[in-house]
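Me: I'd like to learn how to read a model like this one, feature by feature. Can we walk through it together?

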Amino acid sequence: MAMAFVFPGQGSQAPGMGRDLAAAFPAAREVFQEVDEALKQNLSRLMFEGPGEELTLTANAQPALMAHSVAVLRVLEAEGGFDFAARVALVAGHSLGEYSALTAARAFDLPTAARLLRLRGEAMQKATPPGTGAMAALLGAELAQAQAICDAAKADPETGAEEVVEIANDNGGGQVVISGAKPAVDRAIAAAPGHGVKRALPLPVSAPFHCALMAPAADAMAEALAAARIQAPLVPVVANVTAAKATDPAEIRRLLVEQVTATVRWRDCVAAMAAMGCDRFVELGAGKVLTGLMKRNAPEATASAIGTPAEVEAFLKTI
């Protein structure tokens, strides 16, 4: 059985995340302390206690999710003697989760990842004026349907001017997320039933992630990543942009810049990992979103999540 570790993206955060882990394990406390020091902020208290509105701010949610994921791994290593490089074949993460995956694989050190994600969150938030962008989930949609809806919704019917509306996430299992200018996303939601899509739901997000409107954020990340130290990961990362293995630091740097505006090809990432022999997927960190998607994208594989002390103990009994 070849195992892949996967790391969640934005939306999985919730007050209380990581609290029990920190209470139970010194290795987790060390991770949260290191992130707090890197950011010069008591992010761990915000994770453990909330308030939820503040935790959900992109600049907080991104480093918080990474910290929880890495804390889980460090606990596995410290408590269970888990040998990451020997036991894990591949890593991948959904959007910001790619930074968690790279940190788990030691391509980034923990303070660097925390600072990059703080900057990434701030840059994504600043890329568009508040209220001008939007995202929506198309449920029961395949990629071709979603693309047809975006194509139909681009043009403003009054002026004929084209506005951005693009596929942000191809999550698989009939879930495609679109992103762009709010009027164009609204038109896409209205057009969805005519294209055979069961439901189109606006998402409660603060900016239109993973579309061309994020270009200013991509520029900010290009500058930050150029100055960041990246080492070859201990195991290959399957990148969001290409759904292929990446190990070269220069390529990883380039792909992380592209990722800001490009589609998260999660369905293809899972298919690629399965094709490379992975039949056990373990989600590290907050929530179980990717575990749920895994059951639809790789039904032959086993999928589980580790985020709490009980889940850590259960996992260590299986290896």
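**Reading the model**

Reply: Buried stands for under 20% relative accessible area, exposed for over 50%, and partly exposed for what falls in between, using a 1.4 Å probe and protein chains only. Keep in mind that this is a predicted model, where local features need pLDDT of at least 70, side-chain atom pairs count only at pLDDT 80 or more, and totals for chains, interfaces and linings use all residues. Residues are numbered from 1 along each chain as its sequence is written, and side-chain values use heavy atoms, with hydrogens and water left out.

Me: Which helix holds Leu-225, and which residues is Leu-225 in contact with, leaving aside its neighbours within four places in sequence?

Reply: Leu-225 sits in helix α11, residues 215–227. Helices are DSSP runs of H or I with at least four residues, strands are runs of E with at least two, and both are numbered from the N terminus. Contact means heavy atoms within 4.5 Å. Beyond the neighbours within four places in sequence, Leu-225 touches Tyr-99, Phe-108, Leu-116, Ile-230, Arg-253, Leu-256 and Val-257.

Me: Tyr-99 and Phe-108 are both rings. How do I read an aromatic pair?

Reply: Rings of Phe, Tyr and Trp (its six-membered ring) pair if their centres lie within 6.5 Å; planes under 30 degrees apart are stacked, over 60 edge-to-face, and the rest tilted. The count here is six aromatic pairs. One of them is Phe-5 with Phe-84, a tilted pair at 6.2 Å centre to centre and 50 degrees between the planes. Phe-5 belongs to strand β1 (residues 2–7) and Phe-84 to helix α6 (residues 84–87), so this pair ties together parts that lie 79 residues apart in sequence. Phe-5 is buried at 0% relative accessibility, and Phe-84 is buried at 2%. Tyr-99 and Phe-108, on the other hand, are stacked, with 5.8 Å between centres and 5 degrees between planes. Tyr-99 is buried at 0%, as is Phe-108 at 3%. There's also a cluster in which ring pairs link Phe-5, Phe-82, Phe-84 and Phe-315.

Me: Now the strands. What is the order of the open sheet of four strands?

Reply: Strands of a sheet pair through backbone hydrogen bonds, either parallel or antiparallel. For pairing, DSSP has to find at least two bridges between two strands. The order in this open sheet is β4-β5-β3-β6, with antiparallel pairing. β4 (165–172) and β6 (199–202) are at the edges with a single partner strand each, so one side of each has no neighbour in the sheet. From one strand to the next, the twist averages 25 degrees. Look at β3 (residues 133–139) and β5 (residues 175–181): seven bridges join them in the antiparallel sense, and Met-135 has Ser-179 in β5 as its bridge partner.

Me: And how are β1 and β2 joined?

Reply: They run parallel, with five bridges between them. Phe-7 stands opposite Gly-93 in β2. Five of the six residues of β2 (residues 88–93) are buried, so this strand is largely enclosed by the rest of the structure.

Me: How many residues of helix α7 are buried?

Reply: Eight of its eight, so to speak: helix α7 (residues 97–104) is mostly covered. Just after α7, Arg-106 takes a positive phi of about 65 degrees.

Me: What is the volume of the largest cavity?

Reply: Rolling a probe the size of a water molecule over the atoms shows where empty space is left. On a 1 Å grid over the protein atoms alone, a cavity is a set of points where a 1.4 Å probe fits but cannot get out, and a pocket is an open set with protein on both sides within 12 Å along at least five of seven lines; lining residues have an atom within 4 Å of a point. Grid points are joined across faces, edges and corners, and a volume is the space filled by probe spheres set on the points. The largest cavity comes to about 40 Å³, and α12 gives the most to its lining, with three residues. The largest pocket holds about 710 Å³.

Methods. Axes fitted to C-alpha atoms, helices over the stretch in contact; angles between N-to-C directions.
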